[in-house]
Amino acid sequence: MPLVNFAAREINYKIVYYGCGLCGKTTNIQYIHRKINPDVRGKLVSIATEEERTLYFDFLPLTLGTVRGMKTRFHLYTVPGQSYYNASRRLVLQGCDGVVFVADSQITRLDENVESYLNLWDNLIAQGDDLSRLGFVVQMNKRDLVDVFSLGDLGDLLNHTGSPVLPAAAINGIGVFETLKAVCKQVIAKTS
Amino acid sequence: MTTRRGLIITDQQLESCDQLLWELKGLLNCTFLGLISTAGQPITSASSDYHPETFSLASLTASAFAATRQLATILDEREFTLLFHEGDAVNLHVAQVNDQVLLLITFGRDVPIGQVRLYTQRSIAVLQRILADHSGDDQQLIVDDAYEMSMEREMDQVFRDNGSE
């Protein structure tokens, strides 16, 4: 649900990076923060444990230029990946306009990916929403590692909305901005 | 294509909200007042010489408030409608205006919390009436095909690796 502030000439969208523990959600946000034009980004806020695992969320606001008289902002969030923190995940999902599902492509992480994907559906349904109404893209992360699923096989399991699928190696920045661009385009398309 | 409804603030609504916030600021002698969405986005604020980082403040406040509401559920309480943090120099008071908007106030130790609560309650009733007016919602049409195309060009320019660390 975008916040459209006509008086301030602003449109604000909320995008959430979702996925299982250690799949690379925070890595995406940190890379964007490091590499995007500093004039565009705000402060990166992270609520993490001492071991640098996300406890509540990471938050990064991006402000784009004025388009048709309106300034557009994207507020990027991550959720904690560990299933133990599901209550926090639900809170972060509230009012979101788009979701990036970050999948860990490694064969050994299949169960965690599927569990997280189903959990995403459950949490959206619990708040009266579903992925077909949101901007949604799937990022197949860790493509630089060996023993990974094919994009097709993983897509069959983690993409039931025919949404864009993007390969990535977020640790090296590969696919990070492509993913961001794809989800932002989806989000705008869903509200136009 | 499905269109999802969001929170739309019109010129008239913002003007009325700003007017009320500044009046409230004068009455309470507080440092900062802000309206934020429950999704964590700033809407407007009234502040003369205290300017916190509003994006982080809005995001963290909305999250803390959402967590507080969840705590109420766990404790079988209908809801906690406000959040209060007491600091050495600054206190933070957050109250729910409606299901999409929160009012946050920061104030010094010289301002009695009872006074903040009383005036906040009265202001919320007025804010609810202001925000309940949806007569300007047709302005949502600004997000059209032309906007979409222009945004694509803007994103192609901005969302890229600029190489610096």
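Which residue in strand 6 of chain B does B:Phe32 stand opposite? In this predicted model, the residue facing B:Phe32 is B:Thr106. The two strands involved are strand 2, covering residues 32–37, and strand 6, covering residues 101–107, and six bridges join them in an antiparallel arrangement.

Five strands form an open sheet in the order 3-2-6-5-4, and their pairing is antiparallel. At the edges stand strand 3 (42–47) and strand 4 (82–86) of chain B; each has a single partner strand, so one side of each is left without a neighbour in the sheet. Going from one strand to the next, the twist averages 15 degrees.

Helices pack against these strands. Helix 1 of chain B, residues 11–28, packs on the sheet and touches strand 2, strand 3 and strand 6 of chain B. The direction of helix 1 makes about 35 degrees with that of strand 3 of chain B. Helix 3 of chain B, residues 113–131, lies across strand 4, strand 5 (91–98) and strand 6 of chain B. With strand 5 of chain B, helix 3 makes an angle of about 30 degrees.

The backbone angle phi is the next topic. Most residues other than glycine have a negative phi. A:Asp147, however, is not a glycine and has a positive phi of about 55 degrees. A:Asp147 sits in the loop that links strand 7 (135–141) to helix 4 (151–158) of chain A. Is A:Asp147 buried or exposed? A:Asp147 is exposed, because 8 other C-beta atoms lie within 10 Å, and a residue counts as exposed with 12 or fewer. B:Asp76 is found in the loop between helix 2 (54–74) and strand 4 of chain B. B:Asp76 has 6 C-beta neighbours inside 10 Å and therefore counts as exposed.

In soluble globular proteins, nonpolar side chains tend to be buried together. Here the largest nonpolar core holds 98 residues. The members that touch the most other members are A:Ile15, A:Val16, A:Tyr18, A:Val99, A:Val100, A:Phe101 and B:Leu102. Helix 5 of chain A, residues 176–191, gives this core its largest share, eight residues. What does A:Tyr18 contact, leaving aside its neighbours within four places in sequence? The contacts of A:Tyr18 are A:Val79, A:Val99, A:Val100, A:Phe101, A:Val102, A:Ser116 and A:Leu120.

Terms used:
Residues numbered from 1 in each chain as written. Chains lettered and ligands numbered in written order. Predicted model: local features only at pLDDT ≥ 70, side-chain atom pairs only at ≥ 80, totals over all residues. Pairing = 2+ DSSP bridges. Helix = DSSP H or I, 4+ residues; strand = E, 2+ residues; numbered from the N terminus. Axes fitted to C-alpha atoms, helices over the stretch in contact; angles between N-to-C directions. Contact = placed C-beta atoms within 7 Å. Buried ≥ 20, exposed ≤ 12 C-beta atoms within 10 Å, placed from the backbone. Core = buried A, V, L, I, M, F, W, Y, C linked by C-beta atoms within 7 Å.
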